[in-house]
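Biologist: Thanks for sitting down with me. Could you bring up the model, and we can go through it together?

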Amino acid sequence: MKRLQLAAGLLMTFAFARLEAQTIDLGATIPFEFRVGQTVMAAGDYTIHHSNGLLILRSENGGNAVMSLAIATDIPKNSSAAGLLFHRYGGTYFLDTVWTPGNANARAVPKSSLEKELARRGGPDEEIGRAHVCTP
C-alpha cells in the first residue's frame, strides 16, 4: 500500500512539474530543533531550495539534509520578506511553510502523522516565523 501511495505521489509530482516552474532558494538560521515530516533537524544554518514540488533543506555544517514534497499555498498576509513558518506543540516545532517575495505562492510541507496527532489534541501552541532568512 505504501509503495502505491509513493508511486502515485511521484507520478503526480512529475505530472504537475511542468505546470509549476517556480523555484525558491534561500538561507535561514533556525534557532531551535525542528521536524520536517518524520525527520528531526538540529538548530543551525540551512540552505533551502524548492523546485517542481520538491523542497530540500541542507544543514550548512554538513549535517543532515531532508527532502519533502511541498504544495502551493497562499503567502501569509503582510509578508514582504522571505520567511519560514513553524507550528509549535509544546517544545516540538514543525516546518509548515516557506516563501520568498516575488513568487506567486508559498510552499507548504504536508503534516506528518505526529503533527496531525498533536493537532487533534489541541492545535498548535503558536505559529511562529522565527528563522532569520536571507535570499541569495
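This is a predicted model: local features need pLDDT of at least 70, side-chain atom pairs count only at pLDDT 80 or more; totals for chains, interfaces and linings use all residues.

Biologist: Which residue has its backbone oxygen 2.8 Å from a polar atom of the side chain of Arg 88?

Modeller: Here we look at the side chain of Arg 88, a residue of strand β8. One of its polar atoms lies 2.8 Å from a backbone oxygen, and that oxygen belongs to Gly 90.

Biologist: Let's step back to the whole chain. In what order do the elements of the protein chain run from the N terminus on?

Modeller: The protein chain has two helices and twelve strands. Read from the N terminus on, the order is α-β-β-β-β-β-β-β-β-β-β-α-β-β.

Biologist: And what percentage of the residues of the protein chain count as buried?

Modeller: For the surface, the protein chain exposes about 8100 Å², with carbon and sulfur atoms supplying 54% of that area. For the contacts between residues at least 6 apart in sequence, 57% join residues at least 24 apart. As for burial, the protein chain has 136 residues, and the part that counts as buried is 38%.

Biologist: Now to another arginine. Is Arg 107 buried or exposed?

Modeller: Arg 107 is found in strand β10, residues 106–108. Its relative accessibility is 3%, and the cut-off for buried is under 20%. Arg 107 therefore counts as buried.

Biologist: With which side chain does the side chain of Arg 107 make a polar contact?

Modeller: Start from strand β10, where Arg 107 is found. The polar contact runs from side chain to side chain at 3.4 Å, and the partner of Arg 107 is His 50.

Biologist: Which strands each supply at least two residues of the lining of the largest cavity?

Modeller: The lining includes Arg 35, Val 36, Phe 94 and Leu 95. Val 109, Pro 110, Lys 111 and Glu 115 are also among the lining residues. The strands that each supply at least two residues are β2 (34–36) and β9 (92–99).

Biologist: How far apart in space are Arg 35 and Leu 95, C-alpha to C-alpha?

Modeller: Arg 35 lies in strand β2 and is partly exposed, with a relative accessible area of 23%. Not counting residues up to four places away in sequence, Arg 35 touches several residues, among them Thr 92, Phe 94 and Leu 95. Arg 35 and Leu 95 are 60 residues apart in sequence, while their C-alpha atoms are separated by 6.2 Å.

Biologist: Leaving aside its neighbours within four places in sequence, which residues is Thr 92 in contact with?

Modeller: Thr 92 is found in strand β9, and its relative accessible area of 26% makes it partly exposed. With neighbours within four places set aside, the residues in contact with Thr 92 are Arg 35 and His 87.

Technical notes. Residues are numbered from 1 along each chain as its sequence is written. Side-chain values use heavy atoms; hydrogens and water are left out. Helices (H or I, at least four residues) and strands (E, at least two) are DSSP runs, numbered from the N terminus. Buried means under 20% relative accessible area, exposed over 50%, partly exposed in between (1.4 Å probe, protein chains only). Contact means heavy atoms within 4.5 Å. Accessible areas come from the Shrake-Rupley method with a 1.4 Å probe; for residues, only the protein chains shown count as cover. A polar contact is a pair of N or O atoms within 3.5 Å; within protein, one must be able to donate a hydrogen and the other to accept it, and residues adjacent in sequence count only if both atoms are side-chain atoms. On a 1 Å grid over the protein atoms alone, a cavity is a set of points where a 1.4 Å probe fits but cannot get out, and a pocket is an open set with protein on both sides within 12 Å along at least five of seven lines; lining residues have an atom within 4 Å of a point.
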